[in-house]
Amino acid sequence: MRISGEKVRFIEMPSAELVKYLVDVQRPYLLKTFSTFSICGKMVMEANATEPGARLIHNVFEKLGKIVIDYLEQDEKVFFTYLEQFSSGKYLVDLPPRLLEMRKQHTSIKHLFKKLRVFTNNYAVPKQASAALKLCYAQLFNFEQDVLKHLFLEEDVLFPRLLELNERQVN
């Protein structure tokens, strides 16, 4: 049991507990904070409407919004349902290709966040920005960090464990 304020050690966390954390804690949190990300994105686009790259920022926000929501929905409908089959001890032939497809989605999301960083100058707030706009830039940064943490936990912690378990079930 975790003591309040104690750091969570995800790398040491058992796989079943990690999946439960991703499903029950992190995914709902990302969905909830996505609405703030969307509102802040609109404010940043409006604030940069006269800038030369305004259209590019708009396109990145639209793509990022769509791909993140699609990804989180697919996580719930496909991947976590798939993990239930896996946890019952079945060897899953299509596990490596499924994880490869998810890694491609991760790469797309990371790429769009990199573009957003470039277009917003690493979330640098314009000098004469309002307090609300300053808060929006901070929210964008925080949302990016939260999504990247989710992707890291799946890709660098959970996926290798799943592949190893799957291999053990074959042998």
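**Exercise 1. Determine whether Leu30 is buried or exposed, and list its contacts.**

Solution. 
- Start with accessibility. Leu30 has a relative accessible area of 1%, so Leu30 is buried. Buried means under 20% relative accessible area, exposed means over 50%, and partly exposed lies in between (1.4 Å probe, protein chains only).
- Leu30 belongs to helix 1 (residues 15-47). Helices (H or I, at least four residues) and strands (E, at least two) are DSSP runs, numbered from the N terminus.
- Find the partners. Setting aside neighbours within four places in sequence, Leu30 contacts Leu72, Phe143, Asp146, Val147 and His150. A contact means heavy atoms within 4.5 Å.
- Leu30 and Val68 are 38 residues apart along the chain, and their C-alpha atoms are separated by 9.3 Å.

**Ground rules for the model.** This is a predicted model: local features need pLDDT of at least 70, side-chain atom pairs count only at pLDDT 80 or more, and totals for chains, interfaces and linings use all residues. Residues are numbered from 1 along each chain as its sequence is written, and side-chain values use heavy atoms, with hydrogens and water left out.

**Exercise 2. State how confident the prediction is, and where confidence is lowest and highest.**

Solution. 
- Take the chain as a whole. The mean pLDDT is 81, and 87% of the residues reach 70 or more. pLDDT is the predictor's confidence in each residue, from 0 to 100.
- Then go by element. Helix 2 (residues 54-87) has the lowest confidence, with a mean of 78. Helix 3 (residues 95-119) has the highest, at 89.

**Exercise 3. Describe the fold in numbers.**

Solution. 
- Count the elements. The protein chain has 4 helices and 0 strands. Along the sequence the pattern reads α-α-α-α.
- Check burial. Of the 171 residues, 37% are buried.
- Check contact range. Among contacts with a separation of 6 or more, 80% join residues 24 or more positions apart.

**Exercise 4. Find which residues line the largest cavity, and classify them.**

Solution. 
- Count first. There is 1 cavity of 30 Å³ or more. A cavity is a set of points, on a 1 Å grid over the protein atoms alone, where a 1.4 Å probe fits but cannot get out; lining residues have an atom within 4 Å of a point.
- Size next. The largest cavity holds about 30 Å³ of space. Grid points are joined across faces, edges and corners, and the volume is the space filled by probe spheres set on the points.
- Name the lining. Leu30, Val68, Tyr71, Leu72, Ile109, Val147, His150 and Leu151 line the largest cavity. Helix 2 and helix 4 (131-170) each supply at least two of the lining residues.
- Classify. The lining has 7 nonpolar residues, 1 polar and no charged. Ala, Val, Leu, Ile, Met, Phe, Trp, Tyr, Cys and Pro count as nonpolar, Asp, Glu, Lys and Arg as charged, and the others, Gly among them, as polar.

How values were computed
On a 1 Å grid over the protein atoms alone, a cavity is a set of points where a 1.4 Å probe fits but cannot get out, and a pocket is an open set with protein on both sides within 12 Å along at least five of seven lines; lining residues have an atom within 4 Å of a point.
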